[in-house]
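Trainee: I am new to this structure. Please show it to me, and let me ask about the terms.

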Amino acid sequence: MTFKQSDALARVQPSATLAVTQKARDLKARGVDVISLGAGEPDFDTPDHIKQAAIDAIKAGKTKYTAVDGIPELKAAIVAKFSRENGLDYSTGQVSVAPGGKPVIYNALVATLNPGDEVLFPAPYWVSYPEMVRLCGGEPRCIPAGIATGFKITPDQLEAAITRNTKWFIFNSPSNPTGAGYTASEIRGLTDVLLRHPQVMIMTDDMYEHIVYDGYEFATIAQVEPRLFERTLTTNGVSKAFSMTGWRIGYAAGPQDLIAAMRKVISQTTSNACSISQWAALAALEGPMDFIRDRNSAFKRRRDFVLADINAAEGLTAPTPEGAFYIFADCSGWIGKTTPEGAILESDIGVCNALLDEEAVAVVPGAAFGGSPCFRISYATDDASLHEAGMRIRRFAKNLS
Ligand SMILES: Cc1ncc(COP(=O)(O)O)c(C=O)c1O
């Protein structure tokens, strides 16, 4: 070792979702027929009109530094999006654009957290929340939600978890990893609690807003309770809805002084998000949305048959997710069992390793998301692979003793 990690980084775990994808990739490179259900991105391509906007931007020489937290045109399109889709009225001075949803969240945390500040979020949670909080010197605190409540927390749980030191409550619906989407009335129960705690700032992560099923109606906190508007940062991005994960554009809107603080962070770290991607994101937000409906019907079809396979496998159960492209399967019925090759399944990490080693199916252990014993399946892949994976998972279940 030629250097010693900083104390802040030493508290951080590397991304487990990336780790499983890498292990699956390594096996594939050795010729194993691995089905990888670990990915956190749509398998669909970026729509052509968005690609064309990027090509046009390159040809027009829009290839230089831009305003630190976003070109005015994109900020105006984001203001229009929040007004049109969420009934939220922001000015362009309340908008921040960064290279992905991940940096948007990080910028907000690094701009606000001091040692000892607590950040609350429901578990299972998106893998990066606790680690980003730690990196910023804060204390992650999670509120556990199990399968009995469809992986959603209750207002009483939120009330009990808030302390004098709670700085932020992060809320992600539909959720990665569970796909659980809160209804407006479920959100209302949480906002009633938050109204009683004026020191708590709220961050909503609305990344999966557009990937929803069965008539589920997306709602976000500042919209459900306008009295929380002043202390809510509403974050979102183009990565999932528009299949633009590689383009790296995320955005947020919220209190002007917070947005200014985030601008200061950006100005001394990444500078602007890629100029070309910003023009592409503008085309995404202002362009047609009908392709999303078609993609969602493909996602829903896959969700339904994968869910049927999971619930048919002995020892597994999963609730029907309202959105995103994940199924979170409870595998407590497998714990303590032995695989044909003699592995004793002691935890969901053991389950995922055995599934990969013995059936060449890659899924992500619930432990990575603060939700054990479970695993996350991403169904953002082709039907044939999903059918084959479902068959292998059922066979794995049947062969346990
Ligand atoms: C819940 C959630 N928030 C934020 C992000 C970050 O998205 P981006 O790729 O734009 O950084 C992801 C990506 O996996 C996510 O699942």
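Mentor: Start with contact, which means heavy atoms within 4.5 Å. Helices (H or I, at least four residues) and strands (E, at least two) are DSSP runs, numbered from the N terminus. Axes are lines fitted to C-alpha atoms, for helices over the stretch in contact, and angles run from 0 to 180 degrees between N-to-C directions. Here α12 lies across β9 and β12, at about 10 degrees to β9. This is a predicted model: local features need pLDDT of at least 70, side-chain atom pairs count only at pLDDT 80 or more, and totals for chains, interfaces and linings use all residues. Residues are numbered from 1 along each chain as its sequence is written, and side-chain values use heavy atoms, without hydrogens and water.

Trainee: What makes α12 roughly parallel to α14?

Mentor: The angle. Angles under 35 degrees count as roughly parallel, over 145 as roughly antiparallel, 65 to 115 as roughly perpendicular and the rest as oblique. The axes of α12 (residues 290–312) and α14 (residues 383–398) cross at roughly 10 degrees and come within 9 Å. Therefore α12 is roughly parallel to α14.

Trainee: Why is Ala98 called buried?

Mentor: Buried means under 20% relative accessible area, exposed over 50%, partly exposed in between (1.4 Å probe, protein chains only). Ala98 has 1%, so Ala98 is buried. Ala98 sits in strand β2 (residues 95–98).

Trainee: How do you know that β11 and β12 pair?

Mentor: Two strands pair if DSSP finds at least two bridges between them. β11 and β12 (residues 374–378) have two bridges, in the antiparallel sense. Val364 stands opposite Arg376 in β12.
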